[in-house]
Amino acid sequence: MADETIGIVGAGIVGLATGREIALRRPGTRVVVLEKEQQVSLHQTDHNSGVVHAGIYYTPGSRKADLTVRGVSLLREYCQDRRLPYREIGKLVIAVRQDELGRMENLYERAKNNHVPDLRRVSQDEIKELEPHAGGIAALHSPRTAITDYPAIAREFAKDITDAGGEVRLGFPVTGITNVPGGIEVDSGQQRLKVDRLILCAGLQSDSVARLAQDKQAPKIIPFRGEYKLLKPERTHLVRGLIYPVPDPRYPFLGVHFTPRVDGTVEVGPNAVLALAREGYQLTKVSPKDLLGLAAYPGSWRMAAQHWRTGVKEYRGSLSTAAFMKDAGLYVPGVGAKDVVRGGAGVRAQALDRDGTLVDDFRIHQVGRITAVRNAPSPAATASMAIAEHIVGAVFGEA
Ligand SMILES: Cc1cc2nc3c(=O)[nH]c(=O)nc-3n(C[C@H](O)[C@H](O)[C@H](O)COP(=O)(O)OP(=O)(O)OC[C@H]3O[C@@H](n4cnc5c(N)ncnc54)[C@H](O)[C@@H]3O)c2cc1C
């Protein structure tokens, strides 16, 4: 089927990786990525922790587990090839209490099933060798966990698309999607484009864009703000690699962690508080439309009934640096509110089912000629190139 036009909504890392995969794998196919902003990757891709996750946490056999492990090797090779930052600084997942040891062991088993390379259990003494300033009673060490620069990777993907003859059309907010004879018409109010197939990779807007395409309402996107503190420059020497807690298995978030960035700064965070706007990078940004949408969805109330206690704790941390840093101080004892300054914030697009379940796995499905990515939370940046392979396989019926 030569000379098809494939439209992609969203120039975040998932949409761009997908556009690149099509442009390179299917010469003759015209790729047009449609992005509402004036730059690529302005949302989740530009506001994340920059970690290349090795695959420790994910249910074996899930799409997340498979695509993350595959995604790491594709991303490492790509970064090496393009001379983009990729540093295997390693990660400790530290247990600070006896009652976390069982959960840590479960994680170890999961990680082994997911073939996370070189992962091992380490003792209290070994924690000190790896991270002289860290606390904890036991840990898992993943030496191959890396950090990178996702916005730079996204820009490089965009360049690959245009170099291959495709297009990244900025300032095109998709407001209408209509099935027409022989294709799909995509509308921005001011511009219109006819495509043969459409792939939706709209991140925080993935449910509303999917509804334009007559896809079902659920799952709905719940925006979770993740706020960061920055270690003061004179304290960054306290952390060598990535330091994470043992996560609470009830949530898809990993807990506040210490994250060295490729620019030499060290972040502490992110927490997870319900955002009052989908693109609410400032705490004060409120979107009545987004809030009404949340209130009208039965899943929101079911989630609130189940998790309100955790929500209150997270809000406390959001309002008080001392509360935010209390847990962080368990992992690097002595580090507290005096050692940090306010950092940035990101908003996670987390899908929620009608029954109040936070959707854990990546969710991607077809609606006729349209492929909708309905849940691509962390580690979708890590997995982006593998997600792209998966989507292209599904769209073109390849294995
Ligand atoms: C705080 C935080 C920390 C994270 N840490 C990590 C990490 O360390 N490692 C990791 O692998 N992942 C991490 N993630 C997750 C990762 O950032 C995301 O999974 C990934 O960026 C998703 O990419 P995306 O392309 O789906 O979404 P996005 O990057 O959000 O891109 C979606 C794009 O769609 C565009 N769009 C939306 N609606 C329309 C419309 N109607 N018309 C046109 N364009 C539209 C948006 O403007 C946007 O550019 C983190 C996320 C957050 C928020």
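**Entry 1: the shell around the ligand**

I looked up which elements supply at least two residues each to the shell around the ligand. I found helix H1 (13–25), strand E19 (340–352) and helix H10 (380–395). I note here that the model is predicted. Which element gives the largest share of the shell? H10 does, with three residues.

Next I looked up how many residues surround the ligand. There are 38, and the closest are Glu35, Thr45, Val51, Ala376 and Thr382. I then sorted the shell by class. I got 20 nonpolar, 14 polar and four charged residues.

I turned to the oxygen atoms of the ligand. For Thr45, a side-chain N or O atom sits 2.5 Å from a ligand oxygen. For Gln44, a polar side-chain atom is 3.1 Å from an oxygen atom of the ligand. Ala376 uses its backbone: one of its backbone N or O atoms is 2.8 Å from a ligand oxygen. How much of the ligand does the protein cover? On its own, the ligand has 1,000 Å² of accessible area, and the protein covers 97% of that.

I checked the peptide bonds next. Most peptide bonds are trans. I noted two cis cases.

- Ala218 and Pro219 are joined by a cis peptide bond, with omega about 0°. I placed Pro219 in the loop between helix H6 (206–212) and strand E14 (220–231).
- Ser378 and Pro379 are also joined by a cis peptide bond, with omega about 5°. Pro379 is in the loop between strand E21 (370–375) and H10.

**Entry 2: positive phi**

I went on to phi. Most residues other than glycine have a negative phi. I wrote down two residues that go the other way.

Arg83 is not a glycine, yet its phi is positive, about 55°. Where is Arg83? I found it in the loop between helix H2 (63–82) and strand E4 (86–87). Is Arg83 buried or exposed? Its relative accessible area is 77%, so I call Arg83 exposed, as the cut-off is over 50%.

Asp118 has a positive phi too, near 60°, and is a residue other than glycine. I located Asp118 in the loop between helix H3 (101–113) and strand E6 (120–123). Its relative accessible area is 48%, so Asp118 counts as partly exposed.

Methods. Residues numbered from 1 in each chain as written. Predicted model: local features only at pLDDT ≥ 70, side-chain atom pairs only at ≥ 80, totals over all residues. Heavy atoms only, no water. Near = heavy atom within 4 Å. Polar contact = N/O pair within 3.5 Å; in protein donor to acceptor, adjacent residues only side chain to side chain. Areas by Shrake-Rupley, 256 points an atom, 1.4 Å probe, with all protein chains shown as cover. Helix = DSSP H or I, 4+ residues; strand = E, 2+ residues; numbered from the N terminus. Nonpolar A, V, L, I, M, F, W, Y, C, P; charged D, E, K, R; others polar. Buried < 20%, exposed > 50% of the residue type's maximum accessible area, 1.4 Å probe, protein only.
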